[in-house]
Every structure is written in C-alpha cells, then in structure tokens.
Amino acid sequence: MPAIQDISTFHAVRETGLNKLVPPVPRVAIGMGTCGRGNGAEGLYHAFAEAIDRTGADVQLTGVGCFGACSEEPLVNIRLPGRALVVLRRAQANDAERILHDISMGQITPDLAYCRVDEWDHITAHVKYGPGYPELPSWNEVPFFKGQKKIVLRNCGFINPDDIEESIAVGGYEALYKVLIDGRPEIVIEQIKASKLRGRGGAGYLTGNKWEFLAKAKADQKYIICNADEGDPGAYMNRNEIESDPHSLLEGMIIGGYVMGATEGIIYVRAEYPLAVHRLKRAIEQATEYGMLGENILGRGFRFNIELVEGAGAFVCGEETALIASLEGQAGRPRPRPPFPAQKGLWGKPTNINNVETWYNIAPIVTKGPAWFTETGSAKSSGTKVFSLVGKVQNTGLVEMPLGTPLKNFIYDIGEGGVNGRTIKAVQTGGPSGGCIPQDMFDTPVDYESLGQLGSIMGSGGMVVMDEDNCMVDVARYFIEFTRSESCGKCVPCRVGLNQALRILNGFTEGTGPVDRLDVLDELSRMIRDCSLCGLGQTAPNPVLTTMRHFRHEFEDHVVAQRCRAGVCEELALSPCENSCPLHMNIPRFLQLYKEGRMEDAFEAVIMDNPLPSSTGRVCQHPCDNRCRRQTVDEAVNMREVHRLIADSILTSDRYEEMVGRIVARRFPPTGYKIAIAGAGPTGLTAAFYLAMLGHEVTVFDAKSEAGGMLRFALPDYRLPKSVLRREVELIERVGVQFVFNTRVGFDVPLNELDERFDAVFISIGTWKDSWVYLPGTELKGVHTALHVLESVAKKEEMPLGRRVAIIGGGNAAIDSARTALRRGSEVLILYRRERNDMPAIEEETEAAQQEGAKIEFLVAPHRIIGDAQGNVKAIEVVKTRLGEYDSSGRRKPVPTGEIRRFECDNVILAVGESFDLDFARASGLQMKESGTIEVDRFTLETSRSTFYAGGDVITGASNVSNAMGYGKKAARNIDERLMGVHRWTQLFPEFDYDQTPPEQPVESRRHTGHHVPVGARARSFDEVVLGLTAEEAHEEACRCLRCDIKSVNAG
Amino acid sequence: MKKVRLATVWLDGCSGCHMSLLDMDAGVIALAGQADIVYGPLVDAQEFPEEVDVTLVEGAVSSQDDVNRIQKIRARTRILVALGDCAVTSNVPSMRNSIPVNRLLQRVYVEGAQENKGLPVDGVPQLLKQACPVHDFVKVDLHVPGCPPSSQVILGVVSDVLAGRKPDLGSKARFG
Amino acid sequence: MPQRVLSIRIDGELVSTTEGKTILEAARASGKYIPTLCYLEGLSAVGACRLCIVQVAGIDRLLPACTTPVQNGMSVTTKSPKLAEYRRIAVELLLVERNHVCAVCVSNGHCELQAMACSLGVTHVRYPYDYPKLPVDMSHERFVLDQNRCILCTRCVRVCAEVEGAHVWEIISRGIQARLVSELNQAWGDAASCTNCGKCVQACPTGALSEKGHAVEEMVKRNDNISALAVWRGVEA
C-alpha cells in the first residue's frame, strides 16, 4: 500500500475499511483485549477459526478490543448482513459451534445475547449497523451502559485494532487530515482551549494552555510525549484504550505535534502491557506505511515520527520529570519544578507530556468543535472520563461517563450496588494517590474540584468500591505500603515519612499502636503531603488523611478497643465468627468441645460467653453466618443451632442444678460495691450476670412484672417458648442478682436516689414507646401498634383481632404481628413501601409468614385509614410507590406515584418502628444525642454523669437481642474496671484444653438447619415452630468448623 | 514550703547521666534545699515510693524488668523526665537492635566467653527484642538529650521543674 | 549581558537580587538564614532534604528555597510555626531512618544533622526507630563509609561528579531501600575511578564519610573549601 497523498485515496481506503467492518457476510468479532484473553478469548477465537475451517462457513472472523463490561467477558459481537450488531457475553470455546450454527440459520444464540447496537456514533463517523432483534435490549438499556457516553472509547470493541483500514472506516485520521489541510495550528489550540479539556492523567491541568505554552516556546527541537505509564493498582483504562484503538492515540499525537511545532513524539508505555506494546508497534508501522507518520504526512508536507519506549514499571515514572529522567537513561527520580518541562524538558528541550486519554479527546474536539465538547460534563470539567469501576459492586468494568456525574450513579446504577446484599461503605477514587469517599457523600459529582474538596483526586480514573467487609485502616495501610515501595527515595518526607506511616499503620492493624499515634500519623501525613518533592509524595497520604477524616471511628476501634469490625485485621480477632458476634463468643471453642463430647464444658464455655444462650440460640440474627469461612467450601456452619442445642440440653435437663453449682462456684468474692441496673431486658440481664459474677451486689429494676424485656413481652411464643427464658433468668438470679419489678426508673425511683444508694448505675431500658405514623384514621377503633398487639398476646390479655388484618411495615415486629394474627385466625396483608430485598425482617421469618398464609404487598405506602359509621376500621387506602434515588442507607427511596389502592380490613397494625421515653434521663441532666438516645463514650459506655453508664437500645435506638447483650457485656467489663481500678475481666472466663488441630482437607457437606414444623400443624398454634438439631446433626455441624481460630500450624 | 519528692532511676545506661548530675558541684546544695531524693542509686531505698513529684530516668528500656519498673514508676510519678540519650533515643544500648537476641547472647556468652560458657538464665531479666526509648512504653513529660547532658543543662532543667516552669531546651541540649 | 536586578521580600523585608538566583541564594546574600542539609554552595541543588521549604505568597504548595528561582515582587516567608514543625519532622525522620548514635560517632559535635536537631529544638523523636542493619565500608585505604550515618543528601555524589569529575558515587534502589554506593556497587577500595581526593568526605554533613584514624568527635569537616574549589574550577552550578 503506497502512502496516502490525496483525499480520493483516503476515501477509497475508508470504503475498503467499511467493507471489512460491515461486510456482506456474517462477521464474528471476539473481544481480544487483555481482559478478554484472561477469560478465554483466545481459545474461543481458535474454536471459531477451527469450526469455520471445518464447516467452510462464509463468516468473517476477527478480533476486536474490549467493549468495557469486564464482568461479562469474553464478549463477542456478531453482525449478520443488514442487521443490528449483537453483543454476546460469557461465550466459551464450546459455544462456538452452536453460535455458528445459529448464524447459519440467520439467528443469534439467545441465551448468550447481552444487548444490540443498531447504530453507533464513532464521533468522527457514524455507522448504521442495521435494525432487528427488538427482543434484545439496546446497549444503553443495559444497566451497566446506561448513562455512559463513549467519546474516548468510541471505537473500542468495534474495530480490529490491528487494521488501520477499519480505523479509517470509522473516521480515524480524518481530523488530522482536516487540520493539515486547514494549515492553521493556532486555530486548533484555540479549539482545545475553548473545549476546556483538562489533562486526564490526574492533575487536571488545562490541555489548551499547556499546548499554547509549548507552541510559543522557541527551540530548534521540541518533543511531545504520551504518558502511558499507567501504574495505579486497579486502573487499566489506558491499557484498554491502546489495545482497542491505537490509531486514535497516534492521530491525537500527530495533531499535537503539528500544532505545537514538534517533529518527535514518544510514547512511554509500561513494559507490563505487552499486548498494548504489540498493538502500538503494529499501529505505528501501519500508520507509517499509509502515510500518517514519517515525511510528508498525507501529502501535506508535515514530518512527524513516533517512537515507542517501554518503561520498566516504576510507579514514580508516571511523574513527568521522572519520566523524562527515565527517557534520558537516568534513574527515574523526579526533580523540582520549575523549570517545567515546557521550558526545559527532555534533553533540555521544551516538551509537552499528556496522558493517553487526553490524546484520545483531540480528534473529536477538532472534528465536532469545542461547543459540542462542552455540552458534556460540568462547567469546569468538560467532556467524559473513563473510569475503571472495580471492587464490591455487581457490575465491574470500564465506564465512560460525563464528568460531573454523581458518584451514586456509578455505584448504584452502573454497578448495581453491593454484592450479595452487602452494604457499600466507601469508594476510593484516584488510586493510591486518591482518597476514600464515604457512602453518605455519594451525591458528590465526579469532577476535579468536588473530589479535591473531599481530599481525594480524579487521578487516572480508578474507582474501587468498598463494602462492610473492607477495613478502612487496612485500606489506608495497603495504599501506603504501595506508595512506600514505589517512592523513589530522593526526598526525605516521601522516603522516610511513608515508611514511618506504614510502621504506624501496621501497629494499628496489630492493635499495638499507642492512642496518641493517631495524631502523630495525622501530622506526619500532612507534612508528607505539603513537603514532598513530587506528586507521588504529595498525594500519597491522601488515603490516610481521608480515611482518618471520614472513618476516624474505625481507627479508634483498632487503637482503643483493639477491634476490627470488618474482620480484616487478623491479629485483632480470634476468628471471623467471634469478631462478628456482638458478644464475641468463642464459637470455635464450643463447637470443638461439643465435638469432643464434653457437654458440661461446652455449656460452661457457652454460658460464660452468653448468659441467655437458649434464647439467643433461637432468635439471634446470627451475623456469624455471613462471616463463616466455610462458605468458601459450601455453606456457613450453623453455629447458632449447635449453641442452642448445647444450652437446651443443660437448661432443660437434670444436669441443670449441677451446672448452676459450677457457675456459682466461679463467682468472685464479694467486693462490697452496689450496682443498679435499669431494665431487665437482654442488655440489663447480661450486665447483671457478669457484674454479679464479678462479686458485686446487683439490683435490677424493671417497669414490667417479669424479667426478659422484649424477649418476654414482644417475642411470640412460637419463636421463643417462655419456659426457656425462665430457666435462664433463674440462673441469673442464682448467681445473686436481685430484681425489683413494677418499678420504673426515673419515675418510681428517681435517678438521684439511685446515685445515692449505688456505686454505679447502668441504664439499659428498651424501646417500649411505639412510633406512631401521622395518618388520617389512626384514631379509629381497631388501629393498634405492633408492640401493643405482641405484648397483649404475650401477657395473655384480651386482644380482639378481626377477620382481615392489615399490617404496615417490613421489620421483625411486622412479621411477628402478622404470624400472631394468623394464629388468631385472621387473614393477614402486610403493606411495605419498598421491595422484598429491602425488608429489615429476618429472611426466614418472612418466608415462614408467607408459608403460613400472610400476603405481602410491596411498593405501597399508607395513605389513609377509612372507618365506618361506628368509628371502626373498614379499609385502608395505600398509594403505590416506585423506587427513586438512593438514600443514605444505600437503598432506593420509595416515591409515591399517586395511584391509590384500597384494601378492606378490620384492623390496622402499625409496625413502623419503636422509640423510648427518655425524658427522665434528659431531665436529670444526662447528655442526649439529637436522635433522642443517650450520649455515651462509645468505648467505656460512660454517660455525661459520673458513675452512670448506658447501653443497648438507649444508645443505639431499636436493635436486636445480640447487639443489646453485647452492650451489657461491655458495660459490665468497664464498670468493674472503673470500680476496682484493675483489669479482672479475663480472669472471669474458664479455660479449657481442647484439640488444636485444624481439620484436614474439608469435603463438601450439607448445612443442617432447624426443623420447621409443617405449616398445617403450626399455622394456628403458638407452640414452637422451629425445632432444634438432633445430637448427630449438631455433631456433624461442629465437625464442619474450619477452626479459623488456629492461626498457624507452627505457632510458637 | 513543702519539699519536692525527687527520684532518679537507672535503667539500661552507663550511669554517666547520674555522674553528670553529681557533677553540678555547689548546685547540689541549692537543690537539696528544695527537694528530697526519695529513690535512686544515690540513696538507700528498696521500693519505688508512691507519689513522687519528679523522676529522672537514665537509660533505655532493654529488658522485661525495665518495662515493669518504668510502668510502675510512671504510675507513681507526676513528672517523668527522660534524662540523657539512652532514655531519649535508646542510644548505645540500641546498637544491638539489628541483631537477634539469641544470636547476640550466643556471641557474648558462648563464643566470646573465656570460661563458664553458656547463656545466663537464673536471676537475669529477659532481654527485649530491642532496646527502646522510654517514651515507647510510657508517657514522658520532658526529654533532656545529651550523652550525658551537661550538669548545667541538668541543673537548669531540674531547677525549672522544681519551680514549676517548663524548661526551654531549644538550642541548649543536643544529642551526643 | 548584565543580569536584571529584581527585588523580593523575605519575611517582609525588601531584598534586592538578580535574575536567575534562587530564593536561598538571595536570602544568604542578604544574611538571612534558611536551614539546609542537602544544599552545599558550589554544588547543584536537588531539593531533597526539604529543610529549606518556604512559603511563597500566592502559591499553595511549599517550595524548596534551594531550587526555586526568584521572581520579581515575590514575597517569601521562611519562618512560621508550621514550617518549623515540618522542619522538625524532617529531622526526626532522618534520625529514625538510620542508626545515628551521636555519642559514639566520629562527627559528634561537628555534625550538621546533630546541630540542625539542636537548633530546631528536636529533643526527641516521636516516630518508631527503624534500627536497620547496615554495613560499614572500610575497604578504602584512607576513608570510611558508614551507612548508619548516611542521610542520602547526595552531596558526595554531586561533589564527586561536578567538581572532581570522577562519578564514583551513586544511589541505588528506591524508597527506604535507597543506598549510597561507590562505582557499580563494589567496595569503595575497589573503585578504580576514585581519585582519593577526599572531597566527598569533606562534603558529607554527617559521620557517614570520614577519614580513617579519627576517634569519636575527631572528624572535623572543611566543606567551605568546596565552594571555593567549584568557583576556581569554573563549574559553579
């Protein structure tokens, strides 16, 4: 092919290219980027080639770049003549044959079809691929692509990157031709300036200004450089751009060379990108052959050459002065600026450096004009940016979005939210130089200024999503470990400062860091940021500074309480299950003791960790399940059920007395201290048990007539038989706890009186005040709150319910009242304003309620309750909702649509949350939070009044039983330590010798679950519904434990 | 006026700082009028007393015994002064820090010994992995570097502390 | 061509200087002190130790005085509580990085790092010490390289390359692993390019490079000779 020297040859090449792109035969194009290859694209290609060879099918097979949807690789696009392009996903080699067969029948393999593309704006050209396949979603109807605007990635996944003719077919080199024909470089610079294009490497400097600077510099030789040293962990947008569409990069650089007066271009690309290097080499060869590079480009007398230099992979070489040093053959160490490269750059000559992605924006701006470009993006940040969306979201991949798009669109719309229903906590933008942005700031528009204000940066466009399983201290540690090892070592703050920062962070993750090191780290980070020589050091502390700013509580957890809530920092936890348990039960231990047949020891271990083991064994939300490592083999170990069996088999057997004796014997000698506890719910009972065991004299006050709180008066019998609870309370009494019932603290006994009579007071009352919704008709007869219904039933009081009961809410109280009403013979309709997945109720409970006949209407909000002439409830009207924007809980906000529906009913039960009556606490001078809860030190649970402590619902709002008990345990420990002045807590717990060998290669086995009584037998009965495991089943469960508590086989 | 209760402690150091303290000649007389030395190598007291106002600590923390002592001292002292480079930086004792303890003891007590080769076990406190500055273990209120700090610096510091002033060591005390 | 005279403000005081000078040069010429460690008159400036950081009005970042050229009307602040704190941290970081046991160092009492710590009021270090295990190179006939005292200021590297022209010294590795090495990372005694001139020893601010035969406190450096030498040789940076 002779070099193109005139426009008619150019057009002829374009026609040839188009004929390849939209040929008269079927075209099969495999996504062959590094990402596709990693998922088997090469095997797929060979399978196609082989099948085509064998069958002689008239099909054009080719390789293309990547279309962006990494989680759906390998992608294949197929076009039958005259019809739309269809993208197939997750195609495997053994699919090739049937895909070809379908093609021969004029069809697309339906189960692999992902989306279709009817026409495509290649920006510098427009291609109509064709109509068809209305049953398939158009590409921009797929959530992952919705809202994306592909300017930089305009050709990625469509053209064969190794073929310049296909590139020319979609408008490649047309902008260059235009610029050369116009011959007015200053106009192009004006265009770039007017477009407000900012450097895509991270700092966001205005490209037009930079270009003008170099264009004006007078020198015999100028250089322009493409920085393709993409080194951020998790960022691969430049790699994909080059691999999918190398010619658009060359075109941008040649235009840049022409308008800035440079004849030499250099692409500095990482050697770790072999495919990108290969594609670039090929592209440079072809561009030279076709007359786009070399002497007399496109016959217009301009000379320009591009050299490819492979960088050896030092992160710091992405910094422009270090990159230049590296090109000159020196060690990649930055030097201070000024002088800037535009004054004194490569070999001392004026030099312009732009990032890969910046170059991709040049041709579109030249072709379509700056006004078109600024239509996209925000006022100060125009155009689009390619992001690599990775981490804990369902859809991951390369995303090109208009700048200024709010973060939540990336995470919830494109990424479609957390994986397995996990809550997303933060997103890290800008790689190791960027910062973590917390979930409550996801409204932030992604542009240079907004991210900067939050202490983060745009960077090269990395976006790592983190959920509750990520520890932010560990995240900060990880990034500092990276930048520390990539520091060039020239300046002191970066070289030594980052090393010290890492040592301090390592200390935190091991729980050894002294508390004041938090401030030392903060100051050190600022010093590194403000004093370092180059961008690496100046931005390296960002992950620390932002995590310390937005997640300070996690740092404090590590340093003050030696806890890592996410369970990432292994030094701080016994095992993932222990770490997730609010009571921090030593779960592997009781499983092992049970496995060894030591029932008494197992019981002692359990009850000393958790004084209400039978109750929690039934109703705990079992967070341990979600953390169990057994899930990587098959399913989580059913720890709760084993624990229930251990507890039940002692509490309800003749060994009870003997075991009570054994526990009482563990009690510490009397200390003489008197402690009052307000509230005999799970929190108060737990605190009372431990404080009594520690030798204190404990009195528990409660407004009700019996101990147990919500367990006694809100949980229906079919979930927790009260006989079980009674045995547990009896044991707590036997270790010396005194109860005073029918006495409300703050009313019947004033706090001042408690203060006088007791050495410490612990407030742990429950959320007994119902929340009321302000709804027309709530004054009607037959409207109740859920707590009222549940408590009346628990007290065996009169609670008349009609034939049809409507329940508003989606939490456990709603489900409990539903199942209670069913047992009273009513028909039940639950009305919930969001979707099933959003329901806070325990999943198994909701399922059981539905099995028992409860109907649930989703996406409806109460509108009004309608009464009859006698003032009785007759019906409820609800308004249909649809899900709108994401709120700060990471769920979509229900928005009323205006459509009203009506349901006839005789009762309405409001299960919309609980609150409390804490006026007495406020009145007696305890400091309260805005939410109406009592303010405490979160590590010691001390209130603003000395010797007064608070824990459980009063400080968190309504929660669940194990959380509540966790606070009781923590309070006991802190009260004892404060009273005694020494740490005695750990001595309270028995130690056992048991086997410390981890299980050998585990084989897959089924998880045993409790046995549900058949619906027919249970639906009208208040007898317990879920029966426990058998002894054999429990033994099998215990054997399934992987013993994560054994840290190292060669420990010691 | 009630006399200030002053203690001095000698951890892993060469006693040079105590020598420098004694070197203040007539200054000692003025000090003696203001303070009682209630504990230290210079006086005969077995147990570190309760409620000490000022304690001067010489030496790095090198053994488990040093850790226990400094923690107890901290709990019983109002103002804790790290006196001299060993207490402030761990100085000469830290020169062993890059060598594993076993290797170190082996070299000294076995390979280097003329007679009675063998590691000492009985009645010897266990060495820490590294000798560390005092402030790695407990809060230090004042650091006085120097090897040793000159008697004039010590006198100035102690006089200031006894008088309830915060000494200004800028440009006066240097390492080494 | 006569150089243009510029006027700048240093800590509020008007100072007259010429185009092409750095802030540090302008300050020193007018008798104003800005702390430095890696800077040595007569050698090129690298801006590595960051002790000479100053605040220039209108610029967000702190700038090293030793490499930043003056501009007419520039207003420079060399002293502030923040700058003092940052300089203290820089010195603390240098002290924890290697094993600076002043008490037994040949340069005790004649060391720029030690003097800097003293003048900045660094009485202790708040960061965990590194205690790295580092070698001492005694292979040279006349000189010693003690890595324990090296602060990687590269004054030796520059004096050897820019004044002596021998290029014996170089820094290898990166980050906290960076080390000063002589000729292709072989023992100094085997470095054929070394002319034994000893300029590196005189340029060294600490006890990292010293003459053999000196005991503790005995190694006094004479690096004022170097700037004179540089001028004499016409290689002033």
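This is a predicted model: local features need pLDDT of at least 70, side-chain atom pairs count only at pLDDT 80 or more; totals for chains, interfaces and linings use all residues.
Residues are numbered from 1 along each chain as its sequence is written, while chains are lettered from A and ligands numbered from 1 in the order in which they are written.

**Exercise 1. Describe how helix 10 and helix 11 of chain A pack.**

Step 1. Locate the elements. Helix 10 of chain A covers residues 246-260, and helix 11 of chain A covers residues 274-289. Helices (H or I, at least four residues) and strands (E, at least two) are DSSP runs, numbered from the N terminus.

Step 2. Take the geometry. The angle is about 60°, and the axes are 9 Å apart. Axes are lines fitted to C-alpha atoms, for helices over the stretch in contact, and angles run from 0 to 180 degrees between N-to-C directions.

Step 3. Classify the angle. Under 35 degrees is roughly parallel, over 145 roughly antiparallel, 65 to 115 roughly perpendicular, and the rest oblique. Helix 10 and helix 11 of chain A are therefore oblique to each other.

Step 4. List the contact residues. Helix 10 of chain A gives A:Pro246, A:His247 and A:Leu250. Helix 11 of chain A gives A:Arg279, A:Leu280, A:Ala283, A:Ile284 and A:Ala287. In contact means C-beta atoms, placed from the backbone, within 7 Å.

**Exercise 2. Which strands stand at the edges of the five-stranded sheet of chain A?**

Step 1. Write the order. It is 14-13-17-15-16 in chain A, an open sheet with mixed pairing. Two strands pair if DSSP finds at least two bridges between them.

Step 2. Read the ends. Strand 14 and strand 16 (435-438) of chain A each have a single partner strand, so one side of each is left without a neighbour in the sheet.

Step 3. Check two pairings. Strand 13 (residues 384-391) and strand 14 of chain A run antiparallel, joined by six bridges. A:Leu389 stands opposite A:Gly397 of strand 14 of chain A. Strand 13 and strand 17 (residues 462-467) of chain A run parallel, joined by four bridges. Here A:Ser388 has A:Gly462 as its bridge partner.

**Exercise 3. How many residues of chain C are in contact with chain A, and which element supplies the largest share?**

Step 1. Count both sides. 24 residues of chain C touch 24 residues of chain A.

Step 2. Find the main source. Helix 2 of chain C supplies the largest share of the chain C side, seven residues.

Technical notes: Two residues are in contact if their C-beta atoms, placed from the backbone, lie within 7 Å.
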